[in-house]
Amino acid sequence: MNTRFYDRKTRSQGPAHEIQLATDRIGRVGRMGQCIRKKIQTSVILLSPFDNGEAFKVDLKEQFNRDEFAKLIARSFSDVLQHLKIKIPSNWKLNDAHVNRSTFLKFTNDWNEAVRSGRTMTSTGQTPIIFQKLENKDCPKPLLTSILDYCKDVTIRDEGILKSASYGDKMYGAVSDKQVLSWANELDIGASDTVVDLGSGIGNIVCLLGPSVNKAVGIEFVEKTAEIANAHHELFAKVMSWLGIHDTKVTLKHADMLDPQFENLITKEATVVVINNKQFGPDLMNKMNILFAKCETGIKIISTIPLIGARQVNSKLHRDNNPLVAIGESKELMMTEKNTNFQSTPCQFHVTTIDRNKAPFVYASVTRR
Ligand SMILES: C[S@@+](CC[C@H](N)C(=O)[O-])C[C@H]1O[C@@H](n2cnc3c(N)ncnc32)[C@H](O)[C@@H]1O
């Protein structure tokens with residue numbers, strides 16, 4: 001059937017295929033069989049209540065986009081809502097909140113009007129309701145984790161895609177934000193650190209630590225995972241810009257961690273290296289240990305499997321095969337509950353600190369009678 005559309009406003013008509021081309025319109029079949037063109041809004045702009053913040057665009061087409069953004073606002077922006085005198089439905093905090101389009105549009109109108117008048121007040125010298133620009137290091141951790149939850153939920157609709165794209169020692173899995181923050185606290189990771197995640201998955205660790213360190217680099221081999229990591233970081237950067245933070249300090253690379261281009265970064269520039277090596281085979285780990293043996297004193301390497309195991313310290317054969325034994329020490333890190341999505345019981349992580357001045361290991365020979 002050669003359906004034509006009819007635009008009520010302009011009273012113009014046209015072939016049905018044009019309806020497909022207009023992304024902000026939907027076609028409905030009218031009484032005469034013609035298609036009635038009706039405009040629907042596909043996205044909405046939310047002004048930033050932060051000094052130096054950029055407007056943020058929320059996609060309205062997908063239900064989950066509205067639901068996840070509403071959840072983020074309800075959970076983490078209660079002080080802003082209070083300042084702007086905006087009320088939101090109580091169910092917005094729920095995990096399964098179903099946020100309808102008109103309620104969401106009303107909320108964004110109220111929000112934008114309040115922000116606009118807040119900005120005018122600032123310029124006329126009245127009490128401002130615009131928030132100070134957040135400094136990277138001051139961005140509260142609970143706010144960062146809920147922003148990252150939002151970014152993850154919106155970018156990864158189905159974790160199965162990540163799992164099915166990975167294989168063998170390229171298996172995908174992730175550490176919880178709580179565990180990463182526990183490392184940051186225990187190892188005092190801060191503004192002067194350069195963090196490198198070897199096998200960075202969707203970039204969860206680098207995105208969480210990036211804003212509070214000097215630089216965070218993630219290297220991921222699997223193409224699909226690296227692609228999702230980029231989309232995840234792109235959205236994260238937009239939300240951070242909305243807060244007035246325009247540099248996440250994160251760089252993501254789609255590459256093999258063994259690529260010689262990273263040698264300097266890993267051995268000289270990095271102060272903290274993460275290697276979630278639970279699935280890594282001995283071949284990869286032997287090569288990585290040779291590289292780690294070139295690291296500067298003081299570098300901390302966080303891993304799942306300790307880089308220097310008790311067996312390697314206690315047996316001459318193993319000790320001679322592991323170049324790290326002579327220059328480092330591994331110890332257990334504090335554990336948080338349910339700290340990974342790849343193990344049902346808590347996973348023990350370790351830190352190996354490189355110390356080139358370590359006293360040489362004295363092998364006491366045992367004389368057998
Ligand atoms: C268990 S995931 C860890 C993700 C993230 N670092 C975390 O701990 O939450 C390990 C990742 O390492 C990646 N990987 C494995 N071998 C790699 C290699 N040679 N170079 C870069 N990435 C690699 C896998 O594809 C996988 O995404």
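Reply: Of the chain's 369 residues, 31% count as buried. A residue is buried if 20 or more other C-beta atoms lie within 10 Å of its own, exposed if 12 or fewer, and partly exposed in between, with C-beta atoms placed from the backbone. This is a predicted model: local features need pLDDT of at least 70, side-chain atom pairs count only at pLDDT 80 or more, and totals for chains, interfaces and linings use all residues. Residues are numbered from 1 along each chain as its sequence is written.

Me: How many helices and strands does the chain have?

Reply: There are 13 helices and 13 strands. Both are DSSP runs numbered from the N terminus: helices are H or I with at least four residues, strands E with at least two.

Me: Which residues of helix 7 are buried?

Reply: An α-helix has 3.6 residues a turn, so residues three or four places apart point the same way. In helix 7 (residues 177-186), the buried ones are Asp 177, Gln 179, Val 180, Trp 183 and Ala 184. They lie on the same side of helix 7 because they cover an arc of only 165 degrees around the axis, taken from the directions from the helix axis to the C-beta atoms.

Me: Which exposed residues does the face turned away from the buried side of helix 7 carry?

Reply: That face carries Asn 185 and Glu 186.

Me: What do the buried residues of helix 7 pack against?

Reply: Contact requires C-beta atoms, placed from the backbone, within 7 Å. The buried residues of helix 7 pack against helix 5 (141-155), helix 8 and strand 11 (300-303).

Definitions and conventions
Contact = placed C-beta atoms within 7 Å.
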